[in-house]
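Here is a short tour of one protein model. Have the sequence and the coordinates open as you read.

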Amino acid sequence: MNKHFEYPQENLMWATKHNPHNRDFSCIHCAQPVSASPLISRVQNRNHCPYCLWSRHLDLYEAGDRLSACKGAMRPIGITFKRARNRYASGQGELMIVHRCADCGRLSLNRAAADDDPDLILSLPELSTTLKADVIRQLKLEGIDLVQNDRIYEVRKQLQGALCG
């Protein structure tokens with residue numbers, strides 16, 4: 001699944017210079033070793049596992065700031081599409097994994113990475129149907145619209161594009 005990908009050298013240098021805390025790690029949930037390299041994941045700030053999709057509560061204000069004191073395990077609870085900044089953009093935005101911290105309850109969105117297990121990503125809409133009412137309220141308050149099974153074809157289309165592109 002890990003296809004060769006030409007990652008722009010200037011982006012790699014920027015990621016290394018501006019994100020010194022973005023290092024390889026062991027998953028907080030399954031203990032698998034995870035590479036934080038943008039060459040593999042195609043994301044700048046890697047903090048979720050491609051094997052089980054669990055994350056760690058690292059960021060406080062923005063992706064990559066690594067300022068959270070919580071450091072709790074974040075369970076994947078669903079997927080959504082990132083809203084486009086340009087309201088005239090066509091199609092869906094990037095695929096985002098929705099995580100909820102098991103310790104403090106904070107919600108977080110993480111870009112799906114190129115090396116994430118596509119079968120696990122495709123299982124998240126079904127998993128999200130089991131969420132409790134308080135989590136659903138929290139998602140609505142934060143304006144997060146989870147992908148349901150009736151839109152799974154849109155997710156498949158994005159995943160196929162990521163694997164082919």
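With which side chain does the side chain of Glu154 make a polar contact? The partner is the side chain of Tyr153, at 3.1 Å. A polar contact here is a pair of N or O atoms within 3.5 Å; within protein, one must be able to donate a hydrogen and the other to accept it, and residues adjacent in sequence count only if both atoms are side-chain atoms. Glu154 lies in helix 5 and is buried, with a relative accessible area of 13%. Buried means under 20% relative accessible area, exposed over 50%, and partly exposed in between (1.4 Å probe, protein chains only).

## Model and confidence

This is a predicted model, in which local features need pLDDT of at least 70 and side-chain atom pairs count only at pLDDT 80 or more, while totals for chains, interfaces and linings use all residues. Residues are numbered from 1 along each chain as its sequence is written, and side-chain values use heavy atoms, with hydrogens and water left out.

The mean pLDDT (the predictor's confidence in each residue, from 0 to 100) is 81, and 79% of residues reach 70 or more. Over residues 1–19 pLDDT stays under 50, and the model has 26 contacts beyond four places in sequence for this stretch; contact means heavy atoms within 4.5 Å.

## Overall layout

The protein has five helices and six strands, running α-β-β-α-β-β-β-β-α-α-α from the N terminus on. Helices (H or I, at least four residues) and strands (E, at least two) are DSSP runs, numbered from the N terminus. Of the 165 residues, 41% count as buried. Among contacts between residues at least 6 apart in sequence, 55% join residues at least 24 apart.

## Nonpolar cores

In soluble globular proteins, nonpolar side chains tend to be buried together. A nonpolar core is a set of buried Ala, Val, Leu, Ile, Met, Phe, Trp, Tyr and Cys residues joined through side-chain atoms within 4.5 Å. The largest one here has 12 residues, including Leu53, Phe81, Ile97, Ile121 and Leu159. Two or more residues come from each of strand 4 (73–81), strand 5 (95–101), helix 3 (118–127) and helix 5 (152–164). Apart from this core lies another, of eight residues, among them Ile77, Leu107, Leu131 and Val135.

Beyond its neighbours within four places in sequence, Leu53 is in contact with several residues, including His48, Pro76, Asp116 and Leu124.

Asp116 sits in the loop between strand 6 (107–111) and helix 3, and counts as buried at 2% relative accessibility. Its side chain makes a polar contact with the side chain of His48 (2.8 Å) and reaches the backbone nitrogen of Ala113 at 2.7 Å. At the start of helix 3, a side-chain oxygen of Asp117 comes to within 2.8 Å of the backbone nitrogen of Asp119.

The buried residues of helix 3 are Pro118, Ile121, Leu122, Leu124 and Pro125. They lie on the same side of helix 3 because they cover an arc of only 135° around the axis, taken from the directions from the helix axis to the C-beta atoms.

## Around Lys82

Lys82 is in the loop between strand 4 and strand 5 and counts as partly exposed, at 29% relative accessibility. Lys82 and Gly93 are 11 residues apart in sequence, yet their C-alpha atoms are 4.7 Å apart. Not counting residues up to four places away in sequence, Lys82 touches Gly93, Glu94, Met96 and Arg111.
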